[in-house]
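Dear colleague,

I am handing over the structure below, and I would be glad if you read it alongside the notes that follow.

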Amino acid sequence: MTSSSQERMTMSFTIALAGNPNCGKTTLFNALTGASQRVGNWPGVTIDKKVGKIKGTDSELVDLPGIYSLSPYSPEEVVSRNFIVEERPDAIINIVDATNLERNLFLTMQLIDMGRPMVVALNMMDQIEAAGDEIDIDGLSKALGVPVVPISASKKRNIDELVSTIQSVAENKTAPAVSKYDDSIEIVVEAAMKELSGKVPEDSLRFYAFKLIEGDSLIDEVAPGSREAISSWIKDMEETFDDSADSIIADSRYERIGQAVSGVCKRAPRSDKGTRSDRIDRIVTNRWLGLPIFAVIIAAVYFIAMYDGKLGTSPGAWATGWLNDYIGDELIPMVEEWCVDAGVSDILTGLLCDGILNGVGAVIGFLPQMIVLFICLVILEEIGYMARVAFVMDRIFRYFNLSGKSFIPLLVGTGCGIPGVMACRTIESEADRRITAMTVTFMPCGAKLPVIAAITAALAGAWWVGVCAYFGGIILVITSGIILKKFKHLAGKPAPFIMELPPYHVPGLFTSIKSVFDRSWAFVKKAGTIILLTMILIWFLSHFTLSFDYIDPDEDMGDSILAAIGGVIAYIFMPLGWGDSWELASASITGLIAKEDLIGTLAIVLGGNPDLDEDAVGELLALILQDSAIVSFFTFNMYCAPCFAAIGAIHRELGTWKHTAIAVAYQCLLAYFVSIIVYVVYGTIIGDTIDWYSYVLAAIDAVILIYLLVAKDPFRQLGKADPEGAEE
């Protein structure tokens, strides 16, 4: 390496990484930065912001959200545009999928207009070579007016050359060559640039000129009234092309892209049957076969991660069982014995063993199943199948006024509600994103598995409990999609479903391992800390009276602080058939803090032993409740508001505590309504004794829900949401 190269490598620049979704941007970001990454949110929005230092340099790489254009149609596009325009990075790496040049280069043409130093990273060149295609790199670079570096992010090919090129471009401040369009367009562009001169940065003047012609709201902020000043020029152009200004600009860009690509790309002869990905997609995205195939694949995923029954024990269930046995049978007794030998007081021993270790164990015990589940889901994502799932589910969800992209968070949410809620940020429509964030936790997450197991035991091994939990969650999501779209700030048609279906490919080992680790660590860190603190709190409330006298674990807890709180709340749940049981009310409240705590609390308040397993807790429930009340207890706790950690994630997506409170209230109220209806209907069928007020409330709830479902949707009739309401 020359001395000048070494000096360049030590210079510090801010580099932006931009590209379409599914073009390998995350893989390239990981390859460029390695482990030197930090994740946060962009100011004012809940979109992931990843920043890292490029290996071998002092330069900072900022990963912009995956976008298709720089038009202001989604929060991601606004974030990317604002960062480049306002933060003015030293250079841009535009990653482009070489297998889909025409679609990807539309963003490239817009980035070029911004005037920032730029390099095109032509990704997936290994797939181009495998298909026998050829791309003239020098010719493409000349046609675009920017350096082009062929790479394979997954195989880390030419990464060093890309780093060297972007450092050189940033140091020399090499601006892209201007891409000229039709003379009739260039006349208007020149007029717009003249009007904006002195009002916007000079090196981005051409970009702003196009935004002015297109009628972008960005111009209203930086140069109000400018469009009226060149309205005659715009009108002449629209008359010449017989089209709107923004469509004319878009068509011109695609025409320019077509000219650039046609001269540099040579495709090998293709089979009439299409590529391997095409042949697979004819089956997995088939109108009739797509959904059953997806159901089989997901069933296989959950079988591998969680099944424990007559057919054997899955790897995930075996690992979870082993870890739970170790914590409960060896670790906690060992610590308890050590405390006794060391003369530790009963209060501290109880706090350490029953509060802290049981609290941590509630999370760690389920971690193996979560890891296995995350491995399966990451593999499906990496090979490209999950994009197909959203496409298949769009047909169903769109019928109920939701986007197919809403299904991806629901699927992720079955592992853990927190990443499920966070996955909502991939949905372009603000209304769809909010509705999905509010409802994704209806899906049973891993933390609810102990509840399902306990209720199954309470109902004498009823096999249908788990099935009802999952399908009930989907039904409530669809129901919510119908109801919530009728409210002003959540109204509007589902966003147009546009998604690139990437070619199937082998998952990258490093990327897959890192993704599984990140998700698993997030599960432990975000859920574990809250559960730990909660179990300590529950232990304190259940072992001390209102006068703060200690209650021995062998004594009745009816005088505890927890009993006093639960006794007041118990009256709310009497219509659900729970009677005046403070134990059930207290457990439901702790379940709002963390779902695993519900079983732990019942084990303490019903059995006096925090080490009781789910089957034992279920047997205790069967002793104090009718079967219909057990089902209502299950229904409410399965579908009411999620744990505090997930509520925090919902707050990040909705943006304000007001909207978060509304979401939590909606979840609890809907769960309460459904629980009463289920209690009355199921109890009547099996002949349980039902109080009259439960019948009255069930009838009122049913009428309200039916009305909300069948009432006309004024916003759907209009075909669009109120634009102001959508931003409330």
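Helices here are DSSP runs of H or I with at least four residues, numbered from the N terminus, while axes are lines fitted to C-alpha atoms over the stretch in contact, with angles from 0 to 180 degrees between N-to-C directions. This is a predicted model, in which local features need pLDDT of at least 70 and side-chain atom pairs count only at pLDDT 80 or more, whereas totals for chains, interfaces and linings use all residues. Residues are numbered from 1 along each chain, and side-chain values use heavy atoms, without hydrogens or water.

Helix α22 (residues 430-439) packs against helix α24 (residues 464-484) at an angle of about 140°, and their axes are 10 Å apart. That makes α22 oblique to α24, since angles under 35 degrees count as roughly parallel, over 145 as roughly antiparallel, 65 to 115 as roughly perpendicular and the rest as oblique. In this pair, I435, M438 and T439 of α22 meet V477, S480, G481 and L484 of α24, where contact means heavy atoms within 4.5 Å.

Beyond four places in sequence, the contacts of F636 include F573, W578 and Y672.

Lastly, S204 lies in the loop between α8 (183-196) and α9 (205-214). With a relative accessible area of 5%, S204 is buried, a word that means under 20%, with exposed over 50% and partly exposed in between, for a 1.4 Å probe and protein chains only.

Note on methods:
Helix = DSSP H or I, 4+ residues; strand = E, 2+ residues; numbered from the N terminus.
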